[in-house]
Structure formats: structure tokens, C-alpha cells
Amino acid sequence: MLRKISAQVIRMVVAPLARRVYRIRAVHPERVPATGGALLLPNHVTYIDAILLYCGCPRPVRFVMDEVFARHPVIRLLTSMFDTVNIRKDSPIDAIRVVLKGLANGEIICLFAEGQLTRTGTLCELQKGFELIARKAKTPLIPVWIDGAWGSVFSFERNRFFWKKPRGSGRGVTVAYGEPLDPAQSNASSLTAALQAASVLAVSSRKNDRTLRRKIPGKDMVASAFRALDPPSRRRMWLNGHQIGMVNAIPRKETIHCIGNDPCVTRFLGLFAAFPALYGGKLVIHDWFDGDHAGIWIGGDRLRGAIQSSQINHEIDFYDLDVASAAQPLDRGNIRHFPCLACEDVIVAMSMPHPPPSSVTSLPVQKGHCFRTWGRLLPGWKVRDTGSELIAVGPVASEERMVLPAGTISPEGVFLSPPAPRKSRSGM
């Protein structure tokens, strides 16, 4: 009886309120079968992903959750409302039986394959528990990407859950359903690729958002360069700014420093123009780098050279857009060096500070950066290996696809890195 009442409350009160607050829209909801069981496999951004998915799915959804999260009183209330299946890591068999029975009975069941909430905004390493369920259930597997929820008070934006003021972007939440996967051939690698593809769908759906047609304020060199772009290029820059805002790299509403003689400043306008405009940041263009300004500095080889030859008087975070940045990390006091991959005129991957670890010690540690890499692939990109080169596919690429630098590899499907340096043979 309680569950029936809770379901009515969700349909009549919670769901309409969530749709209004988060402006939830679904992309390809027809990929959820009209009848029969299916397993939804979404990314995990916020504590209210269950509500966002419930509102964005054409059929009722039952959720699977690690018992650790159900200890929080708010989450415990939600799990009772959604008839959630709680899994204990030390004894998962009973819960798996319940899931398999529900799928056999034609239910739509959602499993968060990452096993934890993202603290970087990007995809975490997938846990392999879903593979067992997929093989035994033999029902369609549907990758789902939730886009736009980073920044909610229920996400880890600003390095904490809950206790912060809302910073609504006004662009809403998109729930994008990817192509169904064959359960017999699915694994962590194929699901990672499918989730990346779903993220491309989600970001692509924002191409015609009215909020991405605004003007860049000001009369500086960056604003002038942005206004000189044709409409399709401006749209690409807005989308790239949105991508950057969906990860825990450059904080929103922060001041960004750069030097005016760095060609990157007027080249990567998604970062230097669209991102600050979308998320309330401020860009300060300096005549030179003198080490007297703390905070966030962004640039390419021109700024990198200035930093290497200057005295650093304060702590700075240097987001390095030089393609050599991953292979040649800076090691100087007072500098946190974050290599990024910038191709053509957009940002593809970003290193970022390591997020504070979860208090649940059994969860895998999430890394914001990794030695000799360009950082984490931004949402809205899919990486494809053609055998001879690595291709990045996404709506902000000039032709929907771009060739990444020669030798680029993608360990774990999440970080991007240049080829490892060759070891010289002894005696040579």
C-alpha cells in the first residue's frame, strides 16, 4: 500500500515539479521497448538521477542501488518510493535474483554500472557486475546519458553534495537513450563506448537551444573574435563551453587569467568566451605573465614558456593547452599543472584536480588527472579506433569528427594520452 501511495505521489507531485525545475527532455525515448523487460545503464551524476530518469522514461522504472547509499535518510526515502533493489557487495546473489525476476516479468530496471556518483562530472570506471545480469537476463541493454545535471545541489560540483546554493544554468537536463546493446556480447569496454555515444546524442540535441544564441559581452579581443565567427561556428563554441561546464575542472563563476599574445586565447573560444559567459566566470587578459596573480591560468605554448622563465610568487592552476603538455609535465613549486587536449579549435579532454575521496572506503578512488595524459574525455565526445588512427566524434568537431594527434591512445576509454616514450636499448 505504501509503495502504491508513493508511486502516486511521484506521478502527481514529484515528477511534474522535477520536470518544471530541471526542464527534463528525452532524446530517442522510443528506444525503450514498449513491452517486455529491459535494463537501463545510465551514467551517474546526482543523488536524484532516479527522479530525472523516471521523468525522462516512457515507462515506469525500478532501480538497483548499492546498499551503502541507502543509508542516507533522503536516499532511503527515495528507495522506498521507487521499490528499489538494494545490493550488498558481500552478498549480491539475492538482489541479482530479484533483478532477473523483474526483467523476466517485463519490468524496466535501471542499474548504475559505475557503482558510484561521479565526482569529476565524467564517466567513472565501470564495474563488471552488470555483465552477469546482462548475460542471464538476455533482455535489451540500453545505455543512457544524463546531461546538464552537473551543477545541481545533488551533484558533486564545488566538491560537495547538497550543502551549496543552486546554480541553475537554465538549459535543462537531457536524458539521451543510446542504441540498444546485445546482452550476449556486452562488456565494460563496449558499454563505455555506448555511453560515450549517448553523451554525443545528448550534447548534439542542444544545438538549437535558444540559450546558446546569446551574445558575448564586452569589446576585448576575445569578444571580437567570437562575433567574427559564422553562426555554425558560434554554435560549436557554445556547445564546447557547455561541455567544459559539465566537468569538475575550471570552477564556475571563477576568474580565468590568460596573456593577450597567446594565440590560444582567440582560437579556443569555447573555453575563453562561451564557458565564462555560460557559467558566470570572468576572463582577465594580461599583457604578460609576471607570477603575481594567483588563481587559474589557461594557455598554450606561449604561456607555458612564460611560466617556465618566470618567478612564481603565488599558487596557480595552469590548464595547459600545448599538445606537448602531457609528455612534458611541468614540475615547479606553486604550480598545479593540468594538461589538456585541444584539437582544431575545441577542447577534447581536460585534466583536473583530484576530487576529495568518498567516505565509503570500499568505492574505487576517482582521479582527476593521470601522469602523462591529457586528462579525461569531456562528455559529448566519443573516441573510435579505426586501426590506423584515433578519431573523436562529436557535435563540436568541425565535420562531426576529427583525427586526434598521431599515436593518441585511450587507456580505460576515459583518459587520453600521447604514445609512451620509447625506451632506449642498453648500449645504444
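Two strands pair if DSSP finds at least two bridges between them. The legends below describe close-up views of a predicted model.

**View 1. Strand S7 and its parallel partner, strand S1.** Strand S1 (residues 25-27) pairs with S7 over three bridges, in the parallel sense. Within this pairing, Val 27 lies opposite Ala 176 of S7.

**View 2. Strand S7 and its antiparallel partner, strand S6.** S6 (residues 141-147) and S7 run antiparallel and are joined by four bridges. Val 175 in S7 is the bridge partner of Ile 146.

**View 3. Side chains of strand S7.** In a regular strand the side chains alternate between the two faces of the sheet. Strand S7 covers residues 174-177. Thr 174 and Ala 176 point one way, whereas Val 175 and Tyr 177 point the other way. All of these residues are buried, that is, under 20% relative accessible area.

**View 4. Crossing of helices H8 and H10.** Two packed helices are described by the angle between their axes and the distance between the axes. For H8 (residues 231-245) and H10 (residues 269-279), the axes come within 8 Å and cross at roughly 70°. Because angles of 65 to 115 degrees count as roughly perpendicular, H8 is roughly perpendicular to H10. The crossing of H8 with H10 is right-handed.

**View 5. Residues in contact between H8 and H10.** On the H8 side, the contact is made by Met 237, Trp 238, Asn 240, Gly 241, His 242, Ile 244 and Gly 245. They meet Leu 269, Gly 270, Leu 271, Ala 274, Phe 275, Ala 277, Leu 278 and Tyr 279 in H10. By class, this contact of H8 with H10 has 10 nonpolar, five polar and no charged residues.

Note on methods. Residues numbered from 1 in each chain as written. Predicted model: local features only at pLDDT ≥ 70, side-chain atom pairs only at ≥ 80, totals over all residues. Heavy atoms only, no water. Buried < 20%, exposed > 50% of the residue type's maximum accessible area, 1.4 Å probe, protein only. Helix = DSSP H or I, 4+ residues; strand = E, 2+ residues; numbered from the N terminus. Axes fitted to C-alpha atoms, helices over the stretch in contact; angles between N-to-C directions. Parallel < 35°, antiparallel > 145°, perpendicular 65-115°, else oblique. Left-handed = near helix turned anticlockwise from the far one by under 90°. Contact = heavy atoms within 4.5 Å. Nonpolar A, V, L, I, M, F, W, Y, C, P; charged D, E, K, R; others polar.
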